[in-house]
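Student: I would like to learn how to read the packing of a chain. Where do we start?

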Amino acid sequence: AVQARRMGKSVVIAEWTKHLGGLTTGGLGATDIGNKGAIGGIAREFYEQIAAHYAKPEAWKWENPQKSAALGSGQEKGADPLAAKTGKPTKWTFEPHVAMVIYRKWLADAGVPVYFGQRLASVKKDGARLVEFTTEDGRVYRGKVFIDASYEGDLMAKAGVSYHVG
């Protein structure tokens, strides 16, 4: 959503829960990473902002940063070749609430409205093309492009996109 806004597109997020950000903000604060140099774009921007957050001494409420660095979690081990080139350090482990702060700021800065509690009721298609969906509270969302970034894929399923389980 943020990247689409940065590209000049109009965007809204219709989230069926009261939570934003999926696993990153919901409890998984460690990133499985092999080649750190392979991560670019907005994902790299996220890990750079995580590093900027933890560069502040006040960010460390529960753990000593020197002790944390000395222990060296698996995600933090290994050089980040792009950080060395750009001078922008990255951090690959974080507290989920920090990810939430970053995501909320991005959405606010980009002007992306977020509507929570938007449970899918129906879809409308023009031929094979999805043109709108309606939520249980009667809100209608129309667009040229829809991205189902949910875990369940309900919008895709209701729109008739083929899938299999397993």
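Tutor: With burial. Of the 166 residues of the chain, 29% count as buried; buried means under 20% relative accessible area, exposed over 50%, and partly exposed in between, with a 1.4 Å probe and protein chains only. This is a predicted model: local features need pLDDT of at least 70, side-chain atom pairs count only at pLDDT 80 or more, and totals for chains, interfaces and linings use all residues. Residues are numbered from 1 along each chain as its sequence is written, and side-chain values use heavy atoms, with hydrogens and water left out.

Student: Which residues have the most contacts inside the largest nonpolar core?

Tutor: A nonpolar core is a set of buried Ala, Val, Leu, Ile, Met, Phe, Trp, Tyr and Cys residues joined through side-chain atoms within 4.5 Å. Here the largest has 21 residues, and Phe46, Ile50, Tyr54 and Phe94 have the most contacts inside it. The top contributor is α6, with 8 residues. Helices are DSSP runs of H or I, at least four residues; strands are runs of E, at least two; both are numbered from the N terminus.

Student: How do I read the length of α6?

Tutor: The expected span is 1.5 Å times one less than the number of residues. For the 15 residues of α6 that gives 21 Å, and its end C-alpha atoms are 21 Å apart, which agrees.

Student: What do the buried residues of α6 pack against?

Tutor: Contact means heavy atoms within 4.5 Å. The partners are α1 (2-6), β1 (13-14), α2 (22-26), α3 and β2 (114-115). Val98, Ile102 and Trp106 are among the buried residues of α6.
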